[in-house]
Amino acid sequence: YPSTQNSARQCDSFLPHPFTRTATGMTLSALPDRSSHDDIVARNIARTDVRNFLTQRAIQSFMFLAVECRDPHTGKWIQDFLGLHNMLEYHGSGALDIDRFRTWESSLVEMMEQPKDTVIVSAKRRGRGHGGWSKHNPYLPERWVEIPISIEPTSLTQRILAVREQIASEFVNDL
């Protein structure tokens, strides 16, 4: 059996975690050497921090609500911004990149600092045969329409914070 120290050095389950303890709690600093068992434990503590989990769940809930309201494009923009994939299907506490977003609010602050954006969605118009045209005419081109969708990151952040506040109050009631 490998020793505890050697197995900690070879553990790739948790990436190095940049944090130090202070009297007020945890603050993140430069990346430590990943071979230390203490660094691996510290990274796991930050990864499972309830505040990070609360922010993650607020973002996931907001994305779910956007999809339910027939706005999957906003959720896709958020996923692209965060650098994640399939966030709606993720069930765990470590979805957010704690190396990029070092505190619970840093992902939201960075989102607020983003400029307004426009996403262009291409949608196929009604197929061939619409308006009296023959459905089976191979010479009729398919028709597409482009729809610009405005993304305002500041507004998204405010709405995500409202969802976060609601989930936090549910946490308090459950605990």
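**Note on cavities, helix packing and confidence in the predicted model**

1. The second largest cavity has a volume of about 30 Å³, where a cavity is a set of points, on a 1 Å grid over the protein atoms alone, at which a 1.4 Å probe fits but cannot get out, and a volume is the space filled by probe spheres set on the points, these being joined across faces, edges and corners. Asn-52, Leu-96, Ile-98, Phe-101, Thr-103, Trp-104 and Ser-107 line this second largest cavity, a lining residue being one with an atom within 4 Å of a point. By class, that lining has 4 nonpolar, 3 polar and no charged residues; Ala, Val, Leu, Ile, Met, Phe, Trp, Tyr, Cys and Pro count as nonpolar, Asp, Glu, Lys and Arg as charged, and the others, Gly among them, as polar.

2. This is a predicted model, in which local features need pLDDT of at least 70 and side-chain atom pairs count only at pLDDT 80 or more, while totals for chains, interfaces and linings use all residues. Residues are numbered from 1 along each chain as its sequence is written, and side-chain values use heavy atoms, with hydrogens and water left out.

3. Helix H3 (residues 50-68) packs with helix H4 (residues 72-82) at an angle of about 150°, their axes lying 7 Å apart; helices are DSSP runs (H or I, at least four residues) numbered from the N terminus. H3 is therefore roughly antiparallel to H4, a term for angles over 145 degrees. On the H3 side the contact (heavy atoms within 4.5 Å) is made by Ile-59, Phe-62, Met-63, Ala-66 and Val-67, and on the H4 side by residues including Pro-72, Ile-78 and Leu-82. The contact residues divide into 8 nonpolar, 3 polar and no charged.

4. The axes of H4 and H6 come within 12 Å and cross at roughly 95°, which makes H4 roughly perpendicular to H6, as angles of 65 to 115 degrees are called. Here Thr-74, Trp-77 and Ile-78 of H4 meet Pro-153, Leu-156 and Ile-160 of H6.

5. The chain averages a pLDDT (the predictor's confidence in each residue, from 0 to 100) of 78, with 74% of the residues scoring at least 70. Confidence is lowest in helix H1 (residues 4-10), at a mean of 39, and highest in helix H6 (residues 153-174), at 95.

Notes
Axes are lines fitted to C-alpha atoms, for helices over the stretch in contact, and angles run from 0 to 180 degrees between N-to-C directions. Helices (H or I, at least four residues) and strands (E, at least two) are DSSP runs, numbered from the N terminus. Angles under 35 degrees count as roughly parallel, over 145 as roughly antiparallel, 65 to 115 as roughly perpendicular and the rest as oblique. On a 1 Å grid over the protein atoms alone, a cavity is a set of points where a 1.4 Å probe fits but cannot get out, and a pocket is an open set with protein on both sides within 12 Å along at least five of seven lines; lining residues have an atom within 4 Å of a point.
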